[in-house]
Amino acid sequence: MVAAHTSSHSSESVEWIICLDKRPAERSGEDVDIILARLKSVKAFERFQPSLLQQICLCGFYECLEKGITLYRQGDIGTSWYAVLSGSLDVKVSETSSYQDAVTICTLGTGTAFGESILDNTPRHATIVTQEFSELLRIEQREFRSLWEKYHQCMAGLLAPPYGVMESGCSGDRMPDKENISNNSIVSVSKHQNKVPSEKILLAGKILRNAILSRAPHMIRDRKYHLKTYRQCCVGTELVDWQIQQSACIHSRIQAVGMWQVLLEEGVLNHVDQELSFQDKYLFYRFLDDEQEDAPLPGEEERKESQEELQDTLLLLSQIGPDAHMRMILRKHPSERTADDLEIIYEELLHIKALSHLSTTVRRELAGVLVFESHAKAGTVLFNQGEEGTSWYIILKGSVNVVIYGKVGCCLHSS
């Protein structure tokens with residue numbers, strides 16, 4: 001899909017495009033050198049090994065697209081992976097899979113990469129539309145899989161799900177900030193979620209890791225899955241099993257999942273593919289300390305501390321785990337919620353004063369459709385005065401100002 005563009009390129013720019021327009025089998029060594037010189041200046045490839053860059057020069061294709069071109073739609077099965085050489089593209093997601101109600105969640109700029117769903121043939125997570133004239137490097141599925149098998153360690157940084165490295169810094173739990181904040185708005189002033197782990201959760205993660213290495217060191221080791229090696233990982237089911245064995249205050253696997261979710265939310269424990277929910281399944285998780293190449297092993301003093309502090313740490317996590325588990329459930333798409341999930345949401349709704357007048361039937365209906373949003377940045381606009389409404393909100397934590405004609409009318413708090 002290539003759209004014509006009327007602006008002229010420099011002779012140097014045209015030369016490398018001409019080289020990329022050739023069929024891979026027809027590219028000469030000189031063609032590859034010309035393409036390589038251009039790719040070395042592209043942010044998306046700055047960390048790539050020379051040998052990998054050379055392979056990309058042999059199999060990549062050039063595409064230029066006018067503003068408003070749809071590259072692919074949410075739900076499509078992909079055929080190519082892309083890197084943005086210039087321009088920008090909007091990422092649009094629809095909860096109903098209908099393009100008409102798709103919402104732009106962030107923008108991909110120069111140096112970003114996307115389309116890694118071709119590795120496992122999963123449907124596209126979003127619709128991608130050019131925001132302006134954009135130049136892309138495209139690699140077809142077969143070649144990209146071949147490159148991934150050989151160079152996955154240095155390519156992994158480009159595959160932060162679901163859309164690669166995003167310049168806008170959007171996360172799955174945060175609505176993108178609107179650049180132009182008008183005076184007629186509802187403005188969030190809460191600070192709900194920090195990217196930097198809190199000191200107490202960071203310490204809790206260290207104590208749990210050291211306790212595991214002291215009592216069951218086999219749980220943290222290199223693991224292989226689908227021909228790929230994952231360094232120094234634990235398995236979700238084994239973490240739940242181990243935690244239940246350590247304390248009488250943990251009564252169920254669901255409770256243990258919530259406790260591990262606390263660590264996952266704050267980045268002290270991470271899923272190897274950056275999934276946001278902890279699952280009691282054969283999935284791989286890694287402690288923050290084990291992200292390092294040579295992760296430190298606990299010394300004698302640290303082992304002793306982990307033995308002394310373990311029960312207090314588990315008690316702390318058991319107290320804050322239910323809230324983390326609730327947020328995890330609310331992040332799921334409503335269609336993916338289990339009967340247990342719906343019951344947990346319903347029980348939480350019973351404690352919200354603002355909903356006390358609602359019937360049991362209405363509360364149970366709400367449990368099936370509520371979704372979770374967090375807004376970490378004060379001043380984020382949820383919607384502007386005069387806009388057509390699309391959502392109804394319950395404030396779980398924090399507060400928002402209601403601004404009418406430029407003046408704060410009131411402040412809404414959690415109920």
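Let's start with the contacts of L355. Leaving aside residues up to four places away in sequence, L355 touches L349, R363, L366, W392 and I394. Contact here means heavy atoms within 4.5 Å. L355 lies in the loop between α9 and α10 (360-367). Helices (H or I, at least four residues) and strands (E, at least two) are DSSP runs, numbered from the N terminus. Take I394 from that contact list. L355 and I394 are 39 residues apart in sequence, and their C-alpha atoms are 9.3 Å apart in space. Is L355 buried or exposed? L355 is buried, with a relative accessible area of 3%. Buried means under 20% relative accessible area, exposed over 50%, and partly exposed in between, with a 1.4 Å probe and protein chains only.

A word on the source. This is a predicted model, where local features need pLDDT of at least 70 and side-chain atom pairs count only at pLDDT 80 or more, while totals for chains, interfaces and linings use all residues. Residues are numbered from 1 along each chain as its sequence is written, and side-chain values use heavy atoms, with hydrogens and water left out.

Now the overall numbers. The secondary structure comes to 10 helices and 16 strands. The protein has 415 residues, and buried residues make up 43% of them. Take contacts between residues at least 6 apart in sequence: 69% join residues at least 24 apart.

Next, salt bridges. The rule is a side-chain nitrogen of Lys or Arg within 4 Å of a carboxyl oxygen of Asp or Glu. How many are there by this rule? The count comes to 13 salt bridges.

R209 forms a salt bridge with D290, and the closest N and O atoms are 3.0 Å apart. R209 lies in helix α5 (residues 199-215) and D290 in the loop between β13 (284-287) and α8, so the pair ties together parts that are 81 residues apart in sequence. Both R209 and D290 are buried.

Then look at R253, which has two partners to cover. With D241, the closest N and O atoms are 2.7 Å apart. D241 lies in helix α6 (residues 236-246) and R253 in helix α7, so this pair ties together parts that are 12 residues apart in sequence. With D280, the closest N and O atoms of the R253 salt bridge are 2.6 Å apart. D280 sits in the loop between β12 (269-271) and β13, so its pairing with R253 of helix α7 ties together parts that are 27 residues apart in sequence. How accessible are the three? D241 is partly exposed at 32% relative accessibility. R253 is partly exposed at 34%. D280 is partly exposed at 27%.

There is also a network: salt bridges link E63, R138 and E140.

On to the sheet. Four strands form an open sheet, in the order β1-β8-β3-β6, with antiparallel pairing. The edge strands are β1 (61-65) and β6 (113-114), each pairing on one side only. Two strands pair if DSSP finds at least two bridges between them. Strand β3 (residues 80-86) and β6 pair in the antiparallel sense over two bridges. Which residue in β6 is the bridge partner of Y82? F114 is the bridge partner of Y82.

Now the second largest pocket. Its volume is about 250 Å³. A pocket is an open set of points on a 1 Å grid over the protein atoms alone, where a 1.4 Å probe fits, with protein on both sides within 12 Å along at least five of seven lines; lining residues have an atom within 4 Å of a point. The volume is the space filled by probe spheres set on the points, which are joined across faces, edges and corners. The lining includes I254, G321, H325 and E348. The elements that give two or more residues to this lining are α7 (253-265), α8 (300-331) and α9 (339-349). Helix α8 gives the most, with five residues.

Last, two backbone angles. Most residues other than glycine have a negative phi. N121 has a positive phi, near 60 degrees. N121 lies in the loop between β6 and β7 (127-130), and is partly exposed at 39% relative accessible area. Q232 also has a positive phi, about 45 degrees, although it is not a glycine. Q232 is in strand β11 (residues 228-235). At 23% relative accessibility, Q232 counts as partly exposed.
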